[in-house]
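Open the structure in your viewer and keep the selection tool at hand. This tour goes stop by stop.

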Amino acid sequence: MAATSADVLEVHHHDDRISQYEQVEYCAWHGGVTVYRDGTEIARHDDVLGTQAMKFAGSDRMP
């Protein structure tokens, strides 16, 4: 599965927590998301209600 890049990624959890990551790649899957930075897994969440990814204008990161 290909990762998608994000300048900011917010992960909304079932217990109303929000995890936020900057300058990452992520793979969303049914009920969860895996977060990577520089090709290394930094987080895996399996209690996800939704995600919101933001890409800033003028960002030089590849899509």
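## First stop: Cys27

Select Cys27, which sits in strand S2. Keep in mind that this is a predicted model. Is Cys27 buried or exposed? Its relative accessibility is 7%, so Cys27 counts as buried. Cys27 and Val48 are 21 residues apart in sequence. In space, their C-alpha atoms are 12 Å apart.

## The sheet

Switch to a cartoon view. Five strands form an open sheet, in the order S4-S3-S2-S1-S5. The pairing is antiparallel. Look at the edges next. S4 and S5 stand there, each with a single partner strand, so one side of each has no neighbour in the sheet. On average, neighbouring strands are turned by 50° against each other, direction ignored.

Now take the strand pairs in turn.

- Select S1 and S2: they run antiparallel and are joined by eight bridges. Within this pair, Val11 stands opposite Ser19 in S2.
- Select S2 and S3: they pair in the antiparallel sense over five bridges. Here Tyr26 has Val35 in S3 as its bridge partner.
- Select S1 and S5: six bridges link them, again in the antiparallel sense. Glu10 has Gln52 in S5 as its bridge partner.

## Two hairpins

Go to the turn between S1 and S2. These strands form a hairpin with four residues between them. Click Asp16 in the turn: its phi is positive, about 75°.

Move on to the hairpin of S2 and S3. Two residues lie between these strands. Gly31 takes a positive phi here, near 85°.

## The nonpolar core

Show side chains for the next selection. Which residues make up the largest nonpolar core? Pick Ala6, Leu9, Val11, Tyr21, Val24, Tyr26, Val33, Val35, Ala43 and Val48, ten residues in all. Strand S1 (4–13), strand S2 (18–29) and strand S3 (32–37) each give two or more residues to this core.

Zoom in on Val33. Setting aside residues up to four places away in sequence, what does Val33 touch? Its contacts include Val11, Tyr26, Ala43 and Val48. Cys27, from the opening stop, is also among the residues that Val33 touches.

## His45 in strand S4

Select His45. It lies in strand S4, residues 40–45. With a relative accessible area of 13%, His45 is buried, because buried means under 20%. The side chain of His45 makes one with the side chain of Tyr21, at 2.6 Å. Now show the other residues around His45. Beyond its neighbours within four places in sequence, His45 is in contact with Val11, His13, Ser19, Tyr21, Trp29, Gly31, Gly32 and Val33.

## Salt bridges

How many salt bridges are there? The count comes to two.

Select Asp15 and Arg17. Their side chains meet in a salt bridge, 2.9 Å from N to O. Asp15 is partly exposed, at 47% relative accessibility. Arg17 is partly exposed too, at 41%.

Asp47 forms a salt bridge with Arg17, and the closest N and O atoms are 3.2 Å apart. Asp47 lies in the loop between S4 and strand S5 (48–54), while Arg17 lies in the loop between S1 and S2, so the pair ties together parts that are 30 residues apart in sequence. Asp47 counts as partly exposed, at 21% relative accessibility. Keep Asp15, Arg17 and Asp47 selected together: salt bridges that share partners join them into one network.

Select Gln23 in strand S2. Its phi is near 55°, a positive value in a residue other than glycine. Gln23 is partly exposed, with a relative accessible area of 36%.

Finish at Asp38, in the loop between S3 and S4. Asp38 is not a glycine, yet its phi is positive, about 55°. Is Asp38 buried or exposed? Its relative accessible area is 72%, so Asp38 is exposed.

Definitions and conventions
Residues numbered from 1 in each chain as written. Predicted model: local features only at pLDDT ≥ 70, side-chain atom pairs only at ≥ 80, totals over all residues. Heavy atoms only, no water. Core = buried A, V, L, I, M, F, W, Y, C linked by side-chain atoms within 4.5 Å. Buried < 20%, exposed > 50% of the residue type's maximum accessible area, 1.4 Å probe, protein only. Contact = heavy atoms within 4.5 Å. Polar contact = N/O pair within 3.5 Å; in protein donor to acceptor, adjacent residues only side chain to side chain. Salt bridge = Lys/Arg side-chain N within 4 Å of Asp/Glu carboxyl O. Pairing = 2+ DSSP bridges. Axes fitted to C-alpha atoms, helices over the stretch in contact; angles between N-to-C directions.
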